[in-house]
Amino acid sequence: MIDALLTSIFTLIFSIIFLYKWVVIISALLTWVKPDPYNPIVQILYRLTEPVYAFIRRYIPTVFGGMDLAPLILIFGLIFIETLLKNLFF
């Protein structure tokens, strides 16, 4: 019973991490085309990613040749967390 509960919880956590990685990728790609800032999808993506980007930018200077590296650092961090959790619990 407890094993099934833990498996369900970790499956949910891994699914959230997977989806958030795609949100970060889509948000980063949208910065290249300058979409309409009033578009509801663009606003949702901005609200989901910008607080984490701001946290990363506060501690690590992420501008390299005019390119923001916060999405890349965030993706690597999510991959690290995902791998760590898989190795600890499975």
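**Salt bridges in a predicted model**

Being 4 residues apart in helix α3, Lys-86 and Glu-82 are separated by about one helical turn. Helices (H or I, at least four residues) and strands (E, at least two) are DSSP runs, numbered from the N terminus. This is a predicted model, where local features need pLDDT of at least 70, side-chain atom pairs count only at pLDDT 80 or more, and totals for chains, interfaces and linings use all residues. Residues are numbered from 1 along each chain as its sequence is written, and side-chain values use heavy atoms, with hydrogens and water left out.

User: Which residues does the network of shared partners join?
Analyst: Glu-82 pairs with Lys-21, with 2.8 Å between the closest N and O atoms. That pair links helix α1 (residues 2–33) to helix α3 (residues 70–89). Glu-82 also meets Lys-86 in a salt bridge at 4.0 Å, N to O. The network joins Lys-21, Glu-82 and Lys-86.

User: Is Glu-82 buried or exposed?
Analyst: Good one! Buried means under 20% relative accessible area, exposed over 50%, and partly exposed in between (1.4 Å probe, protein chains only). With a relative accessible area of 12%, Glu-82 is buried.

User: How far apart in sequence are Arg-57 and Asp-68?
Analyst: These two form a salt bridge, with 2.4 Å between the closest N and O atoms. Arg-57 sits in helix α2 (residues 40–59) and Asp-68 in strand β2 (residues 67–68), so the pair ties together parts separated in sequence by 11 residues.

Definitions and conventions:
Salt bridge = Lys/Arg side-chain N within 4 Å of Asp/Glu carboxyl O.
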